[in-house]
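My notes follow the display.

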Amino acid sequence: KNKRKVGNGMAKWRRANCMGYALGIDRWLLVEDWRYRSLEDMAQELVEHYNLKVVKRNEMVIGKTYIAFRVSREDFHFMKRGKDGHWRHKPGWNYVRPIKEKDVFSNQWRSGMLYYNSRVVLFEVQD
């Protein structure tokens with residue numbers, strides 16, 4: 001009777017990090033050895049394992065899901081654009097939250113004390 005309601009699907013993603021959330025898998029996922037690999041190498045692995053396709057920003061359309069991936073010297077981060085055109089991400093153990101498209105593609109995006117300044121690898125999720 002007195003069940004606590006959690007809005008915005010927050011409880012759904014409580015076990016996931018940014019990668020798990022972006023890929024739709026409710027658990028903590030890691031890109032193996034990400035600090036020592038090129039973005040191209042990691043992108044190829046993600047394409048092969050998660051049914052993704054690398055695309056350019058100007059190829060995005062409403063009605064498809066996209067995932068942006070970038071790294072800093074200390075971390076990596078994934079952000080997801082839903083079929084509705086809105087970007088969201090999940091910083092670590094925090095809740096899923098919106099993120100502006102200009103921040104996703106900025107030359108340097110900051111989260112807390114981390115600066116993500118790699119180029120953005122953009123994937124289209126294949127249905």
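I count two strands as paired if DSSP finds at least two bridges between them. The model is predicted, and I read it as such.

I looked up strand β2, residues 66-71, against β3 and found an antiparallel pairing over six bridges. I then asked which residue in β3 is the bridge partner of A68. M79 is that partner. The link from β2 to β3 is a hairpin through four residues.

Next I checked the β4 side. Strand β4 covers residues 87-89 and pairs with β3 in the antiparallel sense, over three bridges. Here R81 stands opposite W87 in β4. β3 and β4 also form a hairpin, with five residues between them. In that turn I noted G85, which has a positive phi of about 90 degrees.

Then I turned to burial. F76, F78 and K80 are buried on one side. H77, M79 and R81 are buried on the other.

Last, I looked at the surface. W28, L30 and W93 make a nonpolar patch of about 400 Å². I located L30 in the loop between α1 (18-23) and α2 (39-50). Is L30 buried or exposed? L30 is exposed, because its relative accessible area is 59% and the cut-off for exposed is over 50%.

Technical notes:
Residues numbered from 1 in each chain as written. Predicted model: local features only at pLDDT ≥ 70, side-chain atom pairs only at ≥ 80, totals over all residues. Heavy atoms only, no water. Buried < 20%, exposed > 50% of the residue type's maximum accessible area, 1.4 Å probe, protein only. Helix = DSSP H or I, 4+ residues; strand = E, 2+ residues; numbered from the N terminus. Patch = residues over 30% accessible without salt bridge, like charges linked within 9 Å, V, L, I, M, F, W, Y side chains within 5 Å. Areas by Shrake-Rupley, 256 points an atom, 1.4 Å probe, with all protein chains shown as cover. Salt bridge = Lys/Arg side-chain N within 4 Å of Asp/Glu carboxyl O.
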